[in-house]
Amino acid sequence: MAGETRAKAVSIAGQFGYAQDDAEDIAQDVMLKLWSLHEQLNDKAHLMASAVITTKRVCIDRWRTTHQHADMAATIPLIDEDSLHDHLEYTELEHWIGEQIDSLPSTAGMVLRMRQLEHRELGEIADILGIQQSSVSTLLSRARNELLNKLKRRNQQ
């Protein structure tokens with residue numbers, strides 16, 4: 001049954017446009033998430049339905065993360081590492097971003113730090129903070145958008 005579930009996850013990830021290697025990675029993530037729920041999955045139909053939903057969510061989460069980083073990369077100017085001016089400007093930008101993260105509401109700032117700096121999974125963050133995973137996603141999205149908007153406003157000045 002695990003092989004069939006994994007194949008379904010790979011197939012769905014492929015339908016989302018992911019290459020075979022990425023689809024395999026997504027399937028692995030899905031299988032790990034499903035394993036944590038294995039006691040709650042009653043039968044094959046329930047397992048397959050959970051696999052489909054989980055795969056779609058993982059695909060969407062990866063897409064959002066990838067595109068969020070692309071947006072951030074577009075707003076941060078490239079630097080010449082040999083240039084003292086660029087190095088100082090980059091250091092100042094890092095400091096400014098740290099201050100902006102500190103200025104976020106406390107829970108949103110913690111979620112952003114745990115996800116972006118500590119590379120924690122959404123479920124792990126939810127467990128640590130004692131909130132639902134959907135709330136973590138919402139807080140993370142809001143924090144990223146607020147930080148991105150602040151960065152865009154700063155670059156326009």
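This is a predicted model: local features need pLDDT of at least 70, side-chain atom pairs count only at pLDDT 80 or more; totals for chains, interfaces and linings use all residues.
User: How many helices and strands does the chain have?
Analyst: The chain has seven helices and zero strands, where helices (H or I, at least four residues) and strands (E, at least two) are DSSP runs numbered from the N terminus. Along the sequence the pattern reads α-α-α-α-α-α-α.

User: Why is Val136 called buried?
Analyst: Buried means under 20% relative accessible area, exposed over 50%, and partly exposed in between (1.4 Å probe, protein chains only). Val136 has a relative accessible area of 0%, and therefore counts as buried. Val136 lies in helix 7. Of the 157 residues of the chain, 31% count as buried.

User: What does Val136 touch, not counting residues up to four places away in sequence?
Analyst: A contact requires heavy atoms within 4.5 Å. On that basis Val136 touches Val111, Leu122, Ile125, Ala126 and Ile131. Val136 and Val111 are 25 residues apart along the chain, and their C-alpha atoms are separated by 6.8 Å. For the chain, residues 24 or more positions apart account for 60% of the contacts with a separation of 6 or more.

User: What makes a set of residues a nonpolar core, and which residues have the most contacts inside the largest one?
Analyst: A nonpolar core is a set of buried Ala, Val, Leu, Ile, Met, Phe, Trp, Tyr and Cys residues joined through side-chain atoms within 4.5 Å. The largest such core has 17 residues, and Ile97, Leu112 and Val136 have the most contacts inside it. Helix 4 (84–103), helix 5 (106–117), helix 6 and helix 7 each give two or more residues to this core. Helix 7 gives the most, with five residues. A second, separate core of 14 residues includes Ala23, Ala27, Leu41 and Val58. In soluble globular proteins, nonpolar side chains tend to be buried together.

User: Is Leu41 buried or exposed, and why?
Analyst: Leu41 is buried, because its relative accessible area is 17%. Leu41 is found in the loop between helix 2 and helix 3. Leaving aside neighbours within four places in sequence, Leu41 is in contact with Leu34, His46, Leu47 and Ser50.

User: Why does Lys150 count as buried?
Analyst: Lys150 is at 16% relative accessibility and so counts as buried. Lys150 is placed in helix 7. Not counting residues up to four places away in sequence, Lys150 touches Trp96, Gln100 and Ser103.

User: Why is His119 called exposed?
Analyst: The relative accessible area of His119 is 63%, so His119 is exposed. His119 is in the loop between helix 5 and helix 6. Phi of His119 is near 55°, a positive value in a residue other than glycine. Most residues other than glycine have a negative phi.

User: What makes a set of grid points a pocket, and how much space lies in the largest pocket?
Analyst: On a 1 Å grid over the protein atoms alone, a pocket is an open set of points where a 1.4 Å probe fits, with protein on both sides within 12 Å along at least five of seven lines; lining residues have an atom within 4 Å of a point. About 1,100 Å³ of space lies in the largest pocket, a volume being the space filled by probe spheres set on the points, which are joined across faces, edges and corners. Of the 37 residues that line the largest pocket, the closest to its centre are Lys33, Arg57, Asp61, Leu122 and Gln133. Helix 3 supplies the largest share of the lining, 16 residues.

Note on methods: Residues are numbered from 1 along each chain as its sequence is written. Side-chain values use heavy atoms; hydrogens and water are left out.
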